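Hi,

Here's the structure I promised to pass on. Have a look, and my notes follow below.

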Amino acid sequence: MARVGILGGTFNPPHVGHLVCAQEARDQLALDRVVLMPAGTPPHKEIADDPGAEARLDLCRLAVAGDPVLGVCAVELERAGPSYTADTLRVLHDREPGDELTFIVGGDMAESLPTWHEPREILRLARLAVAERDEVRAGDLGARLRPLHDGTRIVFFDMPRLDVSSTDLRRRVAEGRPIRHLVPDAVADEIAAHGWYRPTAGVSPTEQEHHG
Ligand code: ATP
């Protein structure tokens, strides 16, 4: 039996915010390991400037390389299109019924849990670990989500605030600004080697307008 944390996201690209979030969840919640789990690419391409699901998975692999307690999980790439979290957790649970799963989210995402597909099933299959340093907000959030669980299925952990997002990183690359130190070196090198996120690599006209 392993205590496994799962950090889902698009990881377009993965960055230090994701890695610190995964690391702090593992440490504070005494998990054996945490995996980054990139989402598949939806058929109608909702992911901005997406180099492709396999490419995002590779970037995740590079991001965690050498870390003994972080890994990746490719289960959402096995099915085309978007996956419901409940379905993904069911697959993971069926594969390793003995594992104790913890699904990790930021505080903003946890707010919307009641509107997710099958929220009670999600909390039956996994604990929800919420990155929230503000105790008042954590208390409110805990109370708001209480109808969905018995009081033990939602846990909070703390992390230093890192104001970095994949959106900002894509914009930086498009503008020719550096991303080194905001992502692991291997991730920066891979993005540069493929020319991902540069305007010539296919930024949509609407995004280019934003970049001026
Ligand atoms: P985008 O800017 O493209 O929307 P993102 O940077 O928010 O992407 P996601 O792949 O959507 O990254 O995030 C995956 C998970 O990581 C989510 O649970 C999100 O709350 C969390 N996360 C993202 N950025 C940070 C950060 N800077 N600090 C802590 N958690 C983060």
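Predicted model: local features only at pLDDT ≥ 70, side-chain atom pairs only at ≥ 80, totals over all residues.

I started with Arg177. In the model, the side chains of Arg177 and Glu175 are joined by a polar contact of 2.9 Å. Arg177 itself belongs to the loop that runs between α7 (166–174) and α8 (185–194). Its relative accessibility is 38%, so Arg177 counts as partly exposed, the class between 20% and 50%. If you want a sense of distance, Gly151 is 26 residues away from Arg177 in sequence, and their C-alpha atoms are 46 Å apart.

Now the ligand. The space it takes up is the largest pocket. There are 18 residues around the ligand, with His15, His18, Leu162, Ser166 and Thr167 coming nearest. Sorted by class, that shell has seven nonpolar, 10 polar and one charged residues. As for where the shell comes from, β1 (3–9), α1 (16–28), β4 (100–106) and α7 each provide at least two of its residues.

- Ser166: a polar backbone atom is 2.7 Å from an oxygen atom of the ligand.
- His15: a polar side-chain atom lies 2.9 Å from a ligand oxygen atom.
- Thr10: a backbone N or O atom sits 3.0 Å from an oxygen atom of the ligand.

How much of the ligand's accessible area does the protein cover? On its own the ligand has 610 Å², and the protein covers 77% of that.

Cheers

Technical notes. Residues numbered from 1 in each chain as written. Heavy atoms only, no water. Helix = DSSP H or I, 4+ residues; strand = E, 2+ residues; numbered from the N terminus. Buried < 20%, exposed > 50% of the residue type's maximum accessible area, 1.4 Å probe, protein only. Polar contact = N/O pair within 3.5 Å; in protein donor to acceptor, adjacent residues only side chain to side chain. Near = heavy atom within 4 Å. Areas by Shrake-Rupley, 256 points an atom, 1.4 Å probe, with all protein chains shown as cover. 1 Å grid on protein atoms, 1.4 Å probe; cavity = no way out; pocket = protein on both sides within 12 Å on 5 of 7 lines; lining within 4 Å. Sits in = over half its atoms within 2 Å of the grid points. Nonpolar A, V, L, I, M, F, W, Y, C, P; charged D, E, K, R; others polar.
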